[in-house]
Amino acid sequence: KTGFLVQPGNANQLESHLRHLIERSDERVRIGDAARQVFEDEFTFERMAERTFAVYETLLGTRP
């Protein structure tokens, strides 16, 4: 939805995906739009603060 997975060290697979994106502007736009939506939904200040506090609470033993 937001990109491609490439096996570590697999230059041929990386090249194939990059070539695909170079040749398909519609695919670049679709992936970029999907990635932006994930960012806007998941990485708001409120969510990041909430997740950070949850880690602190877990480490301090104050979270169930």
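1. The side chains of glutamate 42 and arginine 51 form a salt bridge in this predicted model, at 2.7 Å from N to O. The term salt bridge stands for a side-chain nitrogen of Lys or Arg within 4 Å of a carboxyl oxygen of Asp or Glu. Arginine 51 is partly exposed at a relative accessible area of 36%, and glutamate 42 is also classed as partly exposed, at 27%.

2. Arginine 47 has a relative accessible area of 34% and is partly exposed. Through shared partners, the salt bridges link Glu42, Arg47 and Arg51 into one network.

3. A salt bridge also joins arginine 30 to glutamate 27, at 2.8 Å from N to O. Both sit in helix α2 (residues 25-42), and because they are three residues apart there, about one helical turn separates them. Helices here are DSSP runs (H or I, at least four residues), numbered from the N terminus. Is each partner buried or exposed, wholly or in part? Arginine 30 is partly exposed at 39% relative accessibility, whereas glutamate 27 is buried at 15%.

4. Over the whole structure, the search returns five salt bridges.

5. A nonpolar surface patch is made up of Phe4, Val6, Leu14, Leu18 and Ile22, which together have about 430 Å² of accessible area. Patch members need over 30% relative accessible area and no salt bridge; nonpolar side chains (Val, Leu, Ile, Met, Phe, Trp, Tyr) are joined within 5 Å, like charges within 9 Å. The areas come from the Shrake-Rupley method with a 1.4 Å probe, and for residues only the protein chains shown count as cover.

6. Valine 6 belongs to the segment before α1 and counts as partly exposed at 30%.

7. On conventions, residues are numbered from 1 along each chain as its sequence is written, and side-chain values use heavy atoms, with hydrogens and water left out. As the model is predicted, local features need pLDDT of at least 70 and side-chain atom pairs count only at pLDDT 80 or more, while totals for chains, interfaces and linings use all residues.

Key:
Helices (H or I, at least four residues) and strands (E, at least two) are DSSP runs, numbered from the N terminus. Buried means under 20% relative accessible area, exposed over 50%, partly exposed in between (1.4 Å probe, protein chains only).
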